[in-house]
Amino acid sequence: MSSSSSSSDGIEGELIAAFQAEYEEEMLNEEEEPRRPRKRREFIRRDRLGAHDRLFEDYFADDCNYPPSYFRRRGEAPVVNFTVNEHEYNYGYYLADGIYPSWPVFMKGVTLPQSEKQRMFTAAQSAWRKDVECAFGVLKARFNILAVPGRSYSRRTLGLIMRACVILHNMIIDDERGTNLEHNYETVESNVGPAIHHHAPPSLAARIQMDNEMRASPVYTQLQQDLIEHVWAHNA
């Protein structure tokens, strides 16, 4: 019993001695190797307030450093004034489906129509929207000028382009009437760029006001109700 315990103690002592020798050797090697100097992170002083002021003065101030002549004119909603159901509105609207937000510039049908007026309006809105989508789809497939961005065209130029495409489309239909042709219209890349028009941009406060007006949900609700009454009065 005593001999076995003494042998185990001897083995344990040898293991401890070997581990200690290996540890001391590694420590000596680390001391001999030169330590690499640590690189300190460089502190970059950023003038954030000054950058904000420069950004405002460059692009958003009334008398900005970079006027619109440096850039293409951004898309702007046309000025539209109309009265419906004795209420006056100052923005036009696009016929849209349910995926768009409830803004006065997007007129959607009623999601769950409860009355006959709502059902009539929703059916009429859907029919008009599909007519416009189909018409533009046919014209866009036939005329490549409608497939390229046109934000920088003036409203007059856009109107002339659309009227020209409609007239040409009608002429083609009359010429091909009675013939069976495959309507595969080739769309090629166009190098024709839009004309650039330079207009003074509205001030930042005016842009914010216009943005808030175009997103006003109460105005959308009132406009939709007025249009429902208008459609019912003219079609009932």
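**Exercise 1. Aromatic pairs**

Task: State how many aromatic pairs the structure holds, then classify Phe82 with Tyr93 and Tyr100 with Phe106.

Solution. 
- Step 1. This predicted model holds 4 aromatic pairs.
- Step 2. Two quantities describe such a pair: the distance of the centres and the angle of the planes.
- Step 3. For Phe82 and Tyr93, the centres are 6.0 Å apart and the planes make 65 degrees. Planes over 60 degrees apart count as edge-to-face, and this pair is edge-to-face.
- Step 4. Phe82 sits in strand 1 (residues 79-84), and Tyr93 in the loop between strand 2 (87-91) and strand 3 (94-95), so the pair ties together parts 11 residues apart in sequence.
- Step 5. For Tyr100 and Phe106, the centres lie 5.0 Å apart with planes at 40 degrees, so this pair is tilted.
- Step 6. Tyr93 is partly exposed at 32% relative accessibility. Tyr100 is partly exposed too, at 39%. Phe106 is buried at 18%, because buried means under 20%.
- Step 7. Look for a cluster. Phe82, Tyr89 and Tyr93 form one.

**Exercise 2. The nonpolar patch**

Task: Which residues make the nonpolar surface patch, and which helix gives the most to it?

Solution. 
- Step 1. Leu55, Phe56, Phe60, Leu204 and Ile208 make a patch of about 410 Å².
- Step 2. Helix 2 (48-60) and helix 5 (204-214) are the elements that give two or more residues to it.
- Step 3. Helix 2 gives the most, with 3 residues.
- Step 4. Take Leu204 as a test. Leu204 belongs to helix 5 and is partly exposed, with a relative accessible area of 31%. Patch residues need over 30%.

**Exercise 3. The span of helix 6**

Solution. 
- Step 1. List the buried residues of helix 6: Tyr220, Leu223, Gln224, Asp226, Leu227, Ile228 and Val231.
- Step 2. Relate this to helix geometry. An α-helix has 3.6 residues a turn, so residues three or four places apart point the same way.

**Exercise 4. Positive phi**

Task: What are the phi values of Asn85 and Glu86, and where do these residues lie?

Solution. 
- Step 1. Recall the background: most residues other than glycine have a negative phi.
- Step 2. Phi of Asn85 is near 55 degrees; phi of Glu86 is near 65 degrees. Each value is positive in a residue other than glycine.
- Step 3. Asn85 is partly exposed at 39% relative accessibility, whereas Glu86 is exposed at 77%.

Notes
Residues are numbered from 1 along each chain as its sequence is written. This is a predicted model: local features need pLDDT of at least 70, side-chain atom pairs count only at pLDDT 80 or more; totals for chains, interfaces and linings use all residues. Side-chain values use heavy atoms; hydrogens and water are left out. Patches are made of residues with over 30% relative accessible area and no salt bridge: like charges are joined within 9 Å, nonpolar side chains (Val, Leu, Ile, Met, Phe, Trp, Tyr) within 5 Å. Accessible areas come from the Shrake-Rupley method with a 1.4 Å probe; for residues, only the protein chains shown count as cover. A salt bridge is a side-chain nitrogen of Lys or Arg within 4 Å of a carboxyl oxygen of Asp or Glu. Helices (H or I, at least four residues) and strands (E, at least two) are DSSP runs, numbered from the N terminus. Buried means under 20% relative accessible area, exposed over 50%, partly exposed in between (1.4 Å probe, protein chains only). Rings of Phe, Tyr and Trp (its six-membered ring) pair if their centres lie within 6.5 Å; planes under 30 degrees apart count as stacked, over 60 as edge-to-face and the rest as tilted.
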